[in-house]
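Colleague: I have a structure to read and would like to go through it feature by feature. Could we take the general idea each time, then the case?

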Amino acid sequence: MEAVAVGSRILPQICLHQNSESSHHHVKSNPSFVNTTKLSVARCSSSSNTKNSVSGGLPLRLPVQRKIIVGRTHCSTGVCTYPVGAFESHSNTDEEKIGVLLLNLGGPDTLNDVQPFLFNLFADPDIIRLPRLFRFLQRPLAQLISVLRAPKSKEGYASIGGGSPLRKITDEQANALKTALEAKEVSADVYVAMRYWHPFTEEAIKRDRITRLVVLPLYPQYSISTTGSSVRVLQEMFRNDAHLSRLPVAIIQSWYQRQGYIRSMADLIEEELQNFSNPEEVMIFFSAHGVPVSYVENAGDPYRDQMEECIFLIMQELKSRGIGNDHTLAYQSRVGPVQWLKPYTDEVLVDLGKQGVKSLLAVPVSFVSEHIETLEEIDMEYRELALESGIVNWGRVPALNCTPSFITDLADAVIEALPSAMAISNSNTTTSDNAENGFVAYAVKMIFGSIFAFLLLLSPKLMSAFKSRVL
Ligand SMILES: C=CC1=C(C)c2cc3[nH]c(cc4nc(cc5[nH]c(cc1n2)c(C)c5CCC(=O)O)C(CCC(=O)O)=C4C)c(C)c3C=C
Ligand SMILES: [Fe+2]
């Protein structure tokens, strides 16, 4: 399965920077356009004082401290995952009504949801990136892989209570963000849009009289497979809707370099180190969700670079607090028969044990909520492997979830992004998926796809790579 870039979209790229000495915001507009086939993301300067990487448009009309009056709230919590009438009438009102759309991956609510959730995930051309010629196989292949993987995946979800905690935590984060924005005198409705399970992006984007929208992916680092995929779906929906295509939108592409996030991570690490009897001897072990190497090396995914810079910034923050522990970064959760980013978490744990490391603090770093890969993969599988490998003292930093300093920083990120909101491009660029029309074409694809899938079944080695959670 060769990885190729999917679709190409063009976004004006804008970076918000903060001068750390003067705390004065300025907007740096990049006059060049970035073709997402190569880069897929706004790439701001990687200096440590860079705040968000935002794509959107200019008009710098909103002073940050101004009280912003926002439209009605549709549910008692203030967080609506199924809003009615969202993002409508934005051109006919003087009143600014802010919406914040949190993007996340989603997870199965029950064990019965696991296979259909996996189908949605593997049917995403940003997750299994087939060459254009073979794109018609995407859905049959997704069906096959999801069925093969479901039993093992179900075991994992069963061991953490029978489903993913993602929806609940993301709703809590949305609530907390709304409150944090209110504390900064910005009134906004916060919505949740999941990529592979309810509430789907398509469900979240209804009409709701929003006049300005900030899109905030809950992934600190950008990857084609996460933020890239969600934003692609969003852009397709906005482009195809007359109202939405005129709505000013700012998309925060990545925010791993924000001081508030870095400090919040450092706080959690510092706190957790205190649980060891000799904190200074503990190896700080950052474990990030992996992506296939081809994403980074062929498709220009900035994920690895951003991850490495993120770790550098966290360690720099810890050093400034007098914490100079050894640290390392490895990648977990690989799936399928291709090469993923190395080093692999399981292999590094074994090596560290062999090298005589006795105390280890695992730090999940690519995601800000507890989920199956923290609760099952790290807390159960990797912990067991580490202890078997000679590590004696094991600890794990909790996910940020609703940590107040983190949520406050997200609120700042939203406020800083507001002025750069602009209407989503009404370009006609489409992904090749949109070309899939017509019953005959569909039937032909299904037949060929099924034959191909059947042939793949005859390759047990290939398929077993999808069946296991950790290879
Ligand atoms: C930054 C975070 C993530 C990246 C990058 C990512 C890439 C990626 N993931 C898969 C395959 C699977 N991911 C699964 C679940 C899952 N993945 C992330 C995060 C990232 N994925 C999250 C938050 C979750 C949901 C966890 C939950 O609690 O429900 C799964 C399902 C679980 C399992 O069976 O292991 C799969 C499969 C690929 C192929 C990929 C990059 C191409
Ligand atoms: Fe994943």
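This is a predicted model: local features need pLDDT of at least 70, side-chain atom pairs count only at pLDDT 80 or more; totals for chains, interfaces and linings use all residues.

Modeller: Residues are numbered from 1 along each chain as its sequence is written, and chains are lettered from A and ligands numbered from 1 in the order in which they are written.

Colleague: How many helices and strands does the protein have?

Modeller: Helices (H or I, at least four residues) and strands (E, at least two) are DSSP runs, numbered from the N terminus. The protein has 13 helices and 13 strands.

Colleague: What percentage of the residues count as buried?

Modeller: A residue is buried if 20 or more other C-beta atoms lie within 10 Å of its own, exposed if 12 or fewer, and partly exposed in between, with C-beta atoms placed from the backbone. Of the 471 residues here, 49% count as buried.

Colleague: And which residues have the most contacts inside the largest nonpolar core?

Modeller: In soluble globular proteins, nonpolar side chains tend to be buried together. A nonpolar core is a set of buried Ala, Val, Leu, Ile, Met, Phe, Trp, Tyr and Cys residues joined through C-beta atoms within 7 Å. The largest one here has 118 residues, and Leu102, Val214, Val215 and Val414 have the most contacts inside it.

Colleague: What is leucine 102 in contact with, leaving aside its neighbours within four places in sequence?

Modeller: Two residues are in contact if their C-beta atoms, placed from the backbone, lie within 7 Å. With those neighbours left aside, the partners of leucine 102 include Thr170, Gln173, Ala174, Val190, Tyr191 and Leu218. Over the whole protein, 83% of the contacts with a separation of 6 or more are between residues 24 or more positions apart.

Colleague: Next, helix pairs. At roughly what angle do the axes of helix 1 and helix 2 cross?

Modeller: Axes are lines fitted to C-alpha atoms, for helices over the stretch in contact, and angles run from 0 to 180 degrees between N-to-C directions. The axes of helix 1 (residues 114-122) and helix 2 (residues 138-159) cross at roughly 130 degrees and come within 8 Å. Angles under 35 degrees count as roughly parallel, over 145 as roughly antiparallel, 65 to 115 as roughly perpendicular and the rest as oblique. Helix 1 and helix 2 are therefore oblique to each other.

Colleague: Which residues of helix 1 meet helix 2?

Modeller: Val114, Gln115, Leu118, Phe119 and Phe122 do so, and among the residues they meet in helix 2 are Leu141, Ile145, Arg149 and Tyr157. For classes, Ala, Val, Leu, Ile, Met, Phe, Trp, Tyr, Cys and Pro count as nonpolar, Asp, Glu, Lys and Arg as charged, and the others, Gly among them, as polar. The contact of helix 1 with helix 2 has 10 nonpolar, 4 polar and 2 charged residues.

Colleague: How do helix 3 and helix 11 cross?

Modeller: The axes of helix 3 and helix 11 (residues 404-417) come within 9 Å and cross at roughly 65 degrees. That makes helix 3 roughly perpendicular to helix 11. Gln173, Ala176, Leu177, Ala180 and Leu181 of helix 3 make the contact with Ile407, Thr408, Leu410, Ala411 and Val414 of helix 11. By class, these residues are 8 nonpolar, 2 polar and no charged.

Colleague: What else lies in the loop between strand 10 and helix 9?

Modeller: Serine 333 is there, and its phi is near 65 degrees, a positive value in a residue other than glycine. Serine 333 counts as partly exposed because it has 19 C-beta neighbours inside 10 Å. Arginine 334 lies in that loop too and is buried, with 23 other C-beta atoms within 10 Å.

Colleague: Is glutamate 185 buried or exposed?

Modeller: Glutamate 185 is exposed, because 12 other C-beta atoms lie within 10 Å. Glutamate 185 also has a positive phi, about 65 degrees, and sits in the loop between helix 3 (166-183) and strand 6.
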